[in-house]
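Please prepare a short briefing on the fold and the open space of the protein shown below, with the criteria behind each term spelled out.

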Amino acid sequence: MTNAARYARGARTTVTLRYEPDATVLTIEDRRPAPGPAPSPLVVGSGLGLNGMRERLREVGGSAGAGPTQDGWTVRMEVPA
C-alpha cells in the first residue's frame, strides 16, 4: 500500500486477500485511469521495499512477485498455510 500511495497517485487500488487450502494470497493492484506517464512520487523511497518483502516471505516459505500490467502494477504475496 505504501508503494501504491507513493508511486501510483490517482490510480484505483484494489486489495484482495484469499484464503486457499495451502496458502494465504494477498494481491494489490493499481490501475491508472488514463494512459501516459505516472505522476512523480511524493516521497522517494529506498528502492528496497519489494526486495525486503521477498526476503521476509522467503524466510517463512512464501513468495512475492511484482510487475507492471497493461494499466498499472500488481504485487502478489503468498504465505503457506
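The largest pocket holds about 360 Å³ of space, where a pocket is an open set of points on a 1 Å grid over the protein atoms alone, with protein on both sides within 12 Å along at least five of seven lines, and lining residues have an atom within 4 Å of a point. Its volume is the space filled by probe spheres set on the points, which are joined across faces, edges and corners. The model is predicted, so that local features need pLDDT of at least 70 and side-chain atom pairs count only at pLDDT 80 or more, while totals for chains, interfaces and linings use all residues. Residues are numbered from 1 along each chain as its sequence is written, and side-chain values use heavy atoms, with hydrogens and water left out.

- Of the 18 residues that line the largest pocket, Asn3, Ala4, Asp30, Trp73 and Val75 are the closest to its centre.
- At least two lining residues come from each of helix 1 (2–7), strand 2, helix 2 and strand 4, with helices (H or I, at least four residues) and strands (E, at least two) taken as DSSP runs numbered from the N terminus.
- The lining comprises 11 nonpolar, 4 polar and 3 charged residues, where Ala, Val, Leu, Ile, Met, Phe, Trp, Tyr, Cys and Pro count as nonpolar, Asp, Glu, Lys and Arg as charged, and the others, Gly among them, as polar.

- An open sheet is formed by 4 strands in the order 1-2-4-3, with antiparallel pairing, and two strands are taken to pair if DSSP finds at least two bridges between them.
- Strand 1 (12–19) and strand 3 (63–68) are the edge strands, each pairing on one side only.
- Strand 1 pairs with strand 2 (residues 23–31) over 8 antiparallel bridges, and Tyr19 stands opposite Thr24 of strand 2.
- Strand 3 and strand 4 run antiparallel and are joined by 6 bridges; they form a hairpin with 3 residues between them, and Gly67 stands opposite Thr74 in strand 4.

**Helix packing**
- Helix 2 (residues 49–59) lies across strand 3 and strand 4 (72–80), and runs at about 15° to strand 4, the angle being taken from 0 to 180 degrees between N-to-C directions of axes fitted to C-alpha atoms, for helices over the stretch in contact.

**A residue in strand 2**
- Thr27, placed in strand 2, is buried because its relative accessible area is 12%, buried meaning under 20% with a 1.4 Å probe and protein chains only.
- Not counting residues up to four places away in sequence, Thr27 touches Thr14, Val15, Thr16, Thr74, Val75 and Arg76, contact meaning heavy atoms within 4.5 Å.

How values were computed. On a 1 Å grid over the protein atoms alone, a cavity is a set of points where a 1.4 Å probe fits but cannot get out, and a pocket is an open set with protein on both sides within 12 Å along at least five of seven lines; lining residues have an atom within 4 Å of a point. Buried means under 20% relative accessible area, exposed over 50%, partly exposed in between (1.4 Å probe, protein chains only).
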